[in-house]
Amino acid sequence: MTFVVAPALLTNASSVLAMSTVNRMMRAHDRMHSFFAKSEAGELSDFFAAQVERVEKQAALLLRALHSIYIALAAFACATLVTLLGAGLISVAGALWLHAVAGIGIALGFVGVGGLVVGCANLFRATHLSLVNIRDEAATIRARKARGG
């Protein structure tokens, strides 16, 4: 049963990561919606246009991350099921079946870990874009303050 614990824990961790990524995606959507409202009102400057490009790229990265995390989540859930089936079959099936089930479980685990790695890399890139936007806004605020307005 200890072989079931690892994929089950990774399934839970992937679920939490997926929920936080969806939350970040919704915040990017809200940010883009505010840019859209500014553009409708004719208030979108070149400064905001550059930020629109980064937020759009950030949303695409978040979507790719979410795809990878969902693949990881499915792989870990399947690995848990396969491991449970293997544990149930151990008493009635031969060694060949046990090795086959264990191999499938391990392969699914590798797929899951790969999905998490790709998802986290995309999350890192999306976070970097957020930091670029924050730094641009901070520089603009400092410049306005230096001008006295």
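Let's start at an opening: the second largest pocket holds about 200 Å³ of space. Keep in mind along the way that this is a predicted model.

Next stop, the core. Select L17, F35, L62, I69, L116 and L123, the residues with the most contacts inside the largest nonpolar core, which has 19 residues. Helix 1 (2–40), helix 2 (46–89) and helix 3 (95–147) each bring at least two residues to this core, and helix 2 has the largest share, with 10 residues.

Zoom in on L62. Leaving aside residues up to four places away in sequence, L62 touches T21, R24, M25, A28, L123 and A126.

Last stop, the rings. Pick F35, F47 and F48, a cluster linked by ring pairs. How many aromatic pairs are there? The count is two. In one of them, the ring centres of F35 and F48 sit 5.7 Å apart with the planes at 50°, so this pair is tilted. The F35–F48 pair joins distant parts of the chain, as F35 is in helix 1 and F48 in helix 2, 13 residues apart. Then look at F47 and F48: their centres are 5.2 Å apart and their planes at 70°, so the pair is edge-to-face.

Buried or partly exposed: which is F47? With a relative accessible area of 24%, F47 is partly exposed, while F48, at 17%, counts as buried.

Terms used. Residues are numbered from 1 along each chain as its sequence is written. This is a predicted model: local features need pLDDT of at least 70, side-chain atom pairs count only at pLDDT 80 or more; totals for chains, interfaces and linings use all residues. Side-chain values use heavy atoms; hydrogens and water are left out. A nonpolar core is a set of buried Ala, Val, Leu, Ile, Met, Phe, Trp, Tyr and Cys residues joined through side-chain atoms within 4.5 Å. Buried means under 20% relative accessible area, exposed over 50%, partly exposed in between (1.4 Å probe, protein chains only). Helices (H or I, at least four residues) and strands (E, at least two) are DSSP runs, numbered from the N terminus. Contact means heavy atoms within 4.5 Å. On a 1 Å grid over the protein atoms alone, a cavity is a set of points where a 1.4 Å probe fits but cannot get out, and a pocket is an open set with protein on both sides within 12 Å along at least five of seven lines; lining residues have an atom within 4 Å of a point. Grid points are joined across faces, edges and corners, and a volume is the space filled by probe spheres set on the points. Rings of Phe, Tyr and Trp (its six-membered ring) pair if their centres lie within 6.5 Å; planes under 30 degrees apart count as stacked, over 60 as edge-to-face and the rest as tilted.
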